[in-house]
Amino acid sequence: MDDSPAGLLPDARLVQAALDGDKDAFAALVTRHWPTAVALAARVLGTADLAADAAQEAAVAALVGLDRLRAPGRFGAWFCGITLNVARGWMRQLRAERPAAALDQAPDPASAEPGPDERAELADLAAAVRAAVAQLANGQRDAVLLFYLQGLTHREVAAELGISVGAVKARLHQARAALTPALAPLIAGAAQPPTRTKEPVMTTATRPAWAEVSVTDIRCSEDSDPLSRKHVIVLDERDGPRRLPIWIGPAEATVLALSLQAVETPRPLTYQLAAGLLGACDSRISEVRITRLTGVVFYAVVVVDGPAGQREVDARPSDAVNLALVTGAPILADSALLDDPRASNRDEWRDYPSRTAALAAEAQQRMQQLQAPDAPHAGPAGKGTSTA
């Protein structure tokens, strides 16, 4: 029980004081609700140490987004909600990283509150996170603040921003890719409190077989005949220097560009429809994997969690990556592929100009033309197919 003057004030007063720059007020808020947040996270993660770390990450998120808290008197519920979101995200990662038996251990007694050293680390880390988030593009920054810091769901963020759920997930995917280089050194240096150690859970270093990648660019050759142009998606290792170029079709490249640029479409595209159908069946895509290279052909699987358990569905990498961008699922590549000379030695794509923005703009222009009152009925390629 905190009997200090700050500890006796109601949450709403402490929130206002924290917004006015009172660091002790925010520390009192976190201390007051820390045991509840840790207990809730422990139910998800199964261990008190991980639960405390999840609550610590949630405290950073709460500090950064405190000015967006709509009901200051409900700080406790808001903070606990953020903690649960962090814990659930970690649990999804843990299922891929650790044996199932390790997840069934009973939780240890939770620590009561963060110490002074942890609070100092929290303040420094929060300032760095705030600066990194501030550098994001406007749409990405708004999505991050609402989803990660306010604890809203994808649908709630979509309603708040007036965009689709798919666009929200695309913006969050882009934001994660943009934030990773800026925050990776901070996470490596500050993720562990000085008084205890833990197994890292939010990095790909603990997974020897898989490396997390993100789509950073779409390149296209400059052939005069559009039908002869070659399209390449560039996958960059999230926590390393390696790259994996994959040649894909023009239609798939265009849809990827629309997702990367967060372009709204008048009707759901095929991948949005597929994601919606999965949701209607109470299923979700947990991750996609680029699994192997045979000859010049890449193979992938889409990992689906549903009522019958987890299933792996064979897919083309272009389809798998498109689904990942629509749903916000992580993209993993067999680490050996990133070092495979058959993939890395094909350097001609480096001379192709970047076409992400151009492909999205061209597709958006075609959609606008098709929506014009006097536009002919034409399919995506504009060649006489019905759009009904």
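**Burial and helix packing**

Q: Why does E252 count as buried?
A: The relative accessibility of E252 is 13%, and buried means under 20% relative accessible area, with exposed over 50% and partly exposed in between (1.4 Å probe, protein chains only); E252 therefore counts as buried. This is a predicted model, in which local features need pLDDT of at least 70 and side-chain atom pairs count only at pLDDT 80 or more, while totals for chains, interfaces and linings use all residues. Residues are numbered from 1 along each chain as its sequence is written, and side-chain values use heavy atoms, with hydrogens and water left out.

Q: Where is E252 found, and with which residues is it in contact beyond its neighbours within four places in sequence?
A: E252 lies in helix α9 (residues 250-260); helices here are DSSP runs of H or I with at least four residues, and strands are runs of E with at least two, numbered from the N terminus. Contact means heavy atoms within 4.5 Å, and E252 is in contact with Y271, R316, S318, D319 and N322 when those neighbours are left aside.

Q: What makes α9 largely enclosed by the rest of the structure?
A: Nine of its 11 residues are buried, so α9 is largely enclosed. The buried residues are E252, A253, T254, V255, L256, A257, L258, S259 and L260.

Q: Why is α2 called oblique to α3?
A: The axes of helix α2 (residues 23-45) and helix α3 (residues 48-64) come within 8 Å and cross at roughly 135 degrees. Axes are lines fitted to C-alpha atoms, for helices over the stretch in contact, and angles run from 0 to 180 degrees between N-to-C directions. Angles under 35 degrees count as roughly parallel, over 145 as roughly antiparallel, 65 to 115 as roughly perpendicular and the rest as oblique; α2 is therefore oblique to α3.

Q: Which residues of α2 and α3 make the contact?
A: On α2 they are F26, V30, W34, A37, V38, A41, A42 and L45; on α3 they are A48, L50, A51, A52, A54, A55, Q56, A59, A62 and L63.

Q: What makes α10 roughly perpendicular to α11?
A: The axes of helix α10 (residues 270-280) and helix α11 (residues 317-327) come within 9 Å and cross at roughly 65 degrees. This makes α10 roughly perpendicular to α11. The contact is made by Y271, Q272, A274 and A275 of α10 with D319, N322, L323, V326 and T327 of α11.
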